[in-house]
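Student: I have a structure open on my screen and I'd like to learn how to read it. Can we go through it together?

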Amino acid sequence: MSITQQLIYLFVLAIPVASIAWTITHEEVIREFRETCHTKSAECPRLYQRKFFYLFTCEYCFSHYVALIFLVITRFQLLYPDWRGYLIALFSLVWVANVYMSLFGMIRLDLKKERVQIEKSEATQSASPLNGSL
């Protein structure tokens, strides 16, 4: 596979990795599960138990495992056709997926900020005594 094809695969494979990692660690769909994991990551008596449950609360940590699963499924290698290719692919895939998640997080934050500003503006206009009710 050419380096161009490998890079295309890298950027495409990072999309589902980022999507799964973000959904598990942020979205409302599994909030209860994530809250349980957060509690257990703080309260479990054994270190390995705390680390296991923490895994589901951190998108960076979780993306490593999702990327590893995708590499096992796709057998994607980057630059080298042996174990080094898998290792480079794993960390490259995690990095690109986390860039995607960071961009997505910034976009969501900007949208939320705009929504709050619009709601504040609408509330100010409706509370104004000069809103046309004479």
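Student: Which residue forms a salt bridge with Arg 31, with the closest N and O atoms 3.3 Å apart?
Tutor: A salt bridge is a side-chain nitrogen of Lys or Arg within 4 Å of a carboxyl oxygen of Asp or Glu. Here Arg 31 pairs in this way with Glu 32, at 3.3 Å between the closest N and O atoms. Arg 31 also meets the side chain of Glu 28 in a salt bridge, at 2.5 Å from N to O. Keep in mind that this is a predicted model, where local features need pLDDT of at least 70 and side-chain atom pairs count only at pLDDT 80 or more, while totals for chains, interfaces and linings use all residues. Residues are numbered from 1 along each chain as its sequence is written, and side-chain values use heavy atoms, with hydrogens and water left out.

Student: Are Arg 31 and Glu 32 buried, exposed or partly exposed?
Tutor: Buried means under 20% relative accessible area, exposed means over 50%, and partly exposed is in between (1.4 Å probe, protein chains only). Arg 31 is partly exposed, because its relative accessible area is 28%. Glu 32 has 47%, so it counts as partly exposed.

Student: How many salt bridges does a search of the whole structure find?
Tutor: The search finds 5. One of them joins the side chains of Arg 84 and Asp 82, at 3.2 Å from N to O. Salt bridges can also share partners, and that joins Glu 28, Arg 31, Glu 32 and Glu 35 into one network.

Student: What does the charged end of Arg 84 sit over?
Tutor: A charge sits over a ring if NZ of Lys or CZ of Arg is within 6 Å of the ring centre and within 35 degrees of the ring normal. In this model, the charged end of Arg 84 sits over the ring of Tyr 80, 4.1 Å from its centre. Arg 84 itself is partly exposed, at 35% relative accessible area.

Student: Now for rings with rings. How many aromatic pairs does the structure hold?
Tutor: Rings of Phe, Tyr and Trp (its six-membered ring) pair if their centres lie within 6.5 Å; planes under 30 degrees apart count as stacked, over 60 as edge-to-face and the rest as tilted. This structure holds 6 such pairs. Take Phe 33 and Phe 56: the ring centres are 5.3 Å apart and the planes are at 70°, so the pair is edge-to-face. This pair links distant parts of the chain, 23 residues apart: Phe 33 is in helix H2 (residues 31-43), and Phe 56 is in the loop between helix H3 (47-54) and helix H4 (59-74). Those helices are DSSP runs (H or I, at least four residues), numbered from the N terminus.

Student: Why do Phe 52 and Phe 56 make an edge-to-face pair?
Tutor: Their ring centres are 5.4 Å apart and their planes are at 80°, so the pair gets that label. Phe 56 counts as buried, because its relative accessibility is 15%. Phe 52, at 43%, is partly exposed. Ring pairs link Phe 33, Phe 52, Phe 53, Phe 56 and Phe 62 into a cluster.

Student: Where is Thr 36?
Tutor: Thr 36 is in helix H2. From C-alpha to C-alpha, Thr 36 and Phe 56 are 9.8 Å apart in space, and 20 residues apart in sequence.

Conventions: Helix = DSSP H or I, 4+ residues; strand = E, 2+ residues; numbered from the N terminus.
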